[in-house]
Amino acid sequence: MSPMNILRRHRVAALLGAALIISPVIGSFAESTNNAGLSNAVATTQTPAAGVTAPNGSFAPIVATTKPAVVTVTTMMKGQPDAMSEGSPFDGNSPFDDYFRQFFGDQGMPMPKTPPQRAPRSEALGSGFIVGADGTIVTNNHVVDGASSIKVTLDDGTELPAKLVGHDAKNDLAVLKIKADKPLPTVKWGDSSKLMTGDQVLAIGNPFGIGTTVTAGIVSARGRDLHSGPFDDFIQIDAPINHGNSGGPLVDIHGNVIGINTAIYSPNGGSVGVGFAIPSDQAQKVVAKLMKGGDIEYGYLGVQIQPVTPDVAGAIGLDHPAGALVSSVTPGSPAAKAGIEVGDVITGFGGQEIKDPKDLSRAVADVPPGNKETVDIWRKGKAVQVSADVGRNTDEVQTASNGEGGKPSAGQGVPSLGLGLTDITPDIRQELNLADNQHGAVIERVNPDKAASAAGLQPGDVIIGVDQTPVKNARQANQAIAEAAKSGKKSVLLLVDRGDQQIFVAVPFAAG
């Protein structure tokens with residue numbers, strides 16, 4: 001199993017972040033056994049990762065300046081009342097329940113309605129840090145999402161009610177505000193772009209609600225994508241973080257915040273040395289917007305995109321694999337109005353170089369709706385530039401679907417790729433649930449030892465384009481593939497309709 005598959009397998013644990021949910025029973029137990037719990041925690045405290053040493057032999061000076069600005073965030077989740085229902089007014093375990101039911105049943109009377117029962121409320125614990133002496137606090141959105149009330153506990157034990165100023169689910173960030181009778185200690189933002197793999201870091205937060213805790217480690221990797229949102233660019237760390245650490249700061253050896261502890265990868269719910277933090281450079285920009293209040297509006301273009309692989313680049317004449325390949329354009333979207341087409345490779349947006357789909361997603365999202373931006377495109381061997389009026393991301397996205405007519409032809413084989421193609425017959429249209437105007441070549445069989453199989457093509461896929469040229473049936477698809485092979489190309493680019501999406505698949509001839 002690949003590392004990415006393993007990560008996806010435990011994705012639920014990771015993307016729950018490091019917030020701690022406490023039921024009322026557990027909460028009361030924790031309060032009544034506080035001393036015992038703390039003594040037990042001391043006995044099991046995790047030590048810094050082996051080999052990690054502070055520049056002067058101790059992290060104490062860093063902790064002394066940063067810890068006072070770290071807070072615990074407690075949110076109360078309001079329970080939803082159950083609907084009125086027929087039944088006994090007792091709790092279901094009372095000896096009177098049977099008599100109650102028998103009486104109404106024997107008399108032929110309807111059971112009385114029981115009043116709605118309110119579900120028990122629960123608390124969630126997370127962490128945060130103060131960035132403004134006036135009481136401005138940064139934390140994760142998932143720490144406060146759905147909260148009916150928010151309480152902040154300062155490092156000195158002071159408890160204060162907090163107001164949610166703004167939040168953003170896509171970046172998993174939130175800004176809170178508290179009122180204090182004196183200026184509060186703060187931490188400063190650092191520059192996460194200068195972080196390198198191997199740099200020392202400290203994670204500060206309140207794991208399991210036992211109290212503010214500091215752990216040490218290193219940066220294990222940069223640019224991790226957990227597939228939790230369009231802006232995933234996590235810093236991976238081995239400093240132990242656990243449930244309750246969410247929203248706490250990740251600081252460098254200078255005591256500056258270079259990340260926000262957000263998620264853990266864990267097969268058992270506890271720390272295994274794989275944690276993830278939002279980079280400060282990303283967070284700082286979002287926080288600045290949230291401090292103005294409310295939510296953030298993101299730009300919207302209206303395209304489905306995929307990476308440009310070396311095979312794709314070779315098929316379309318690009319010198320190197322870079323950019324975002326457009327596999328679908330939403331009708332009526334800003335992209336459609338700008339003239340962006342399926343098969344275009346977007347290499348620049350608003351003056352920014354686009355190296356991969358993630359670059360484009362971030363670049364578009366960062367643009368205020370209504371702005372006009374230039375879009376650099378590689379289209380059929382030529383560089384093209386268009387202008388697009390960026391829309392709002394709340395615009396409804398629709399799947400692009402285009403079809404062309406044509407008479408059925410006999411099944412076609414593409415031996416060099418290992419494909420068996422056939423036309424769309426009425427039976428096939430019904431079996432694959434294809435639209436009435438859908439045309440193309442249906443993949444009937446795939447040789448498991450040939451290039452098409454290695455590229456991920458599968459029976460039931462419908463080829464609707466070859467080298468950015470639409471095809472109506474199996475004969476046209478076969479001819480276009482043959483022409484691509486004769487032209488000396490190393491691979492052929494197929495536009496495939498699979499289910500409810502369109503994707504480009506580059507199939508190398510050399511591997512056939």
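**Comments on the predicted model**

1. Overall surface. The model under review is a predicted one. The protein chain has an accessible surface of about 25,400 Å², and carbon and sulfur atoms supply 52% of it. The chain has 512 residues, of which 45% count as buried.

2. Secondary structure and contacts. The protein chain holds 14 helices and 30 strands. Among its contacts with a separation of 6 or more, 65% are between residues 24 or more positions apart.

3. Strand 9. This strand spans residues 173-177 and is mostly covered, with four of its five residues buried. Strand 9 pairs in the antiparallel sense with strand 6 (residues 136-139) over four bridges; here Thr 136 is placed opposite Lys 177. Strand 9 also runs antiparallel to strand 8 (residues 159-168), to which five bridges join it, and in this pairing Ala 174 faces His 167. Strand 8 and strand 9 form a hairpin with four residues between the strands, in which Asp 172 adopts a positive phi near 55 degrees.

4. Nonpolar cores. Which residues have the most contacts inside the largest nonpolar core? They are Val 73, Val 152, Leu 154, Leu 176 and Ile 178, in a core of 45 residues.

5. Surroundings of Val 73. Apart from neighbours within four places in sequence, the contacts of Val 73 include Ala 124, Leu 125, Thr 139, Val 143, Val 144 and Ile 150. Val 152 and Leu 176 are also among the residues that Val 73 touches.

6. Helix 8. The buried residues in helix 8 (residues 280-290) are Ser 280, Gln 282, Ala 283, Val 286, Val 287 and Leu 290. These residues lie on the same side of helix 8 because they cover an arc of only 150 degrees around the axis. The elements that cover them include strand 6, strand 8 and strand 9, together with strand 14 (257-264) and strand 15 (275-279).

7. Helix 14. With 13 residues (474-486), helix 14 reaches 18 Å from its first C-alpha to its last, close to the 18 Å expected at 1.5 Å a residue. Ala 474, Ala 477, Asn 478, Ala 480, Ile 481 and Ala 484 are its buried residues. Their arc around the axis is only 165 degrees, so they fall on the same side of helix 14. Glu 483 and Lys 486 are exposed, on the face of helix 14 turned away from its buried side.

8. Strand 27. Why is strand 27 (residues 462-466) described as largely enclosed by the rest of the structure? The reason is that five of its five residues are buried. Strand 27 pairs antiparallel with strand 26 (residues 441-446) over two bridges, where Val 442 and Val 462 stand opposite each other. Four bridges link strand 27 to strand 29 (residues 491-498), again in the antiparallel sense. Strand 28 (residues 469-470) is a further antiparallel partner of strand 27, over two bridges.

9. Gly 465 has Leu 495 as its bridge partner in strand 29, and in strand 28 its bridge partner is Pro 470. The hairpin of strand 27 and strand 28 has two residues between the strands, and Asp 467 takes a positive phi near 50 degrees there.

10. Thr 330. Thr 330 and Gly 302 are separated by 28 residues in sequence, while their C-alpha atoms are 5.3 Å apart in space.

11. Ile 377. This residue belongs to strand 21 (residues 372-379) and is buried, with a relative accessible area of 2%. Beyond its neighbours within four places in sequence, Ile 377 contacts residues including Ile 340, Asp 344, Val 345, Ile 346, Ala 383, Val 384 and Val 386. Ile 377 and Leu 325 are 52 residues apart in sequence, with 9.6 Å from C-alpha to C-alpha.

Key
Residues are numbered from 1 along each chain as its sequence is written. This is a predicted model: local features need pLDDT of at least 70, side-chain atom pairs count only at pLDDT 80 or more; totals for chains, interfaces and linings use all residues. Side-chain values use heavy atoms; hydrogens and water are left out. Buried means under 20% relative accessible area, exposed over 50%, partly exposed in between (1.4 Å probe, protein chains only). Contact means heavy atoms within 4.5 Å. Accessible areas come from the Shrake-Rupley method with a 1.4 Å probe; for residues, only the protein chains shown count as cover. Two strands pair if DSSP finds at least two bridges between them. A nonpolar core is a set of buried Ala, Val, Leu, Ile, Met, Phe, Trp, Tyr and Cys residues joined through side-chain atoms within 4.5 Å. The expected span of a helix is 1.5 Å times one less than its number of residues. The arc is that of the directions from the helix axis to the C-beta atoms.
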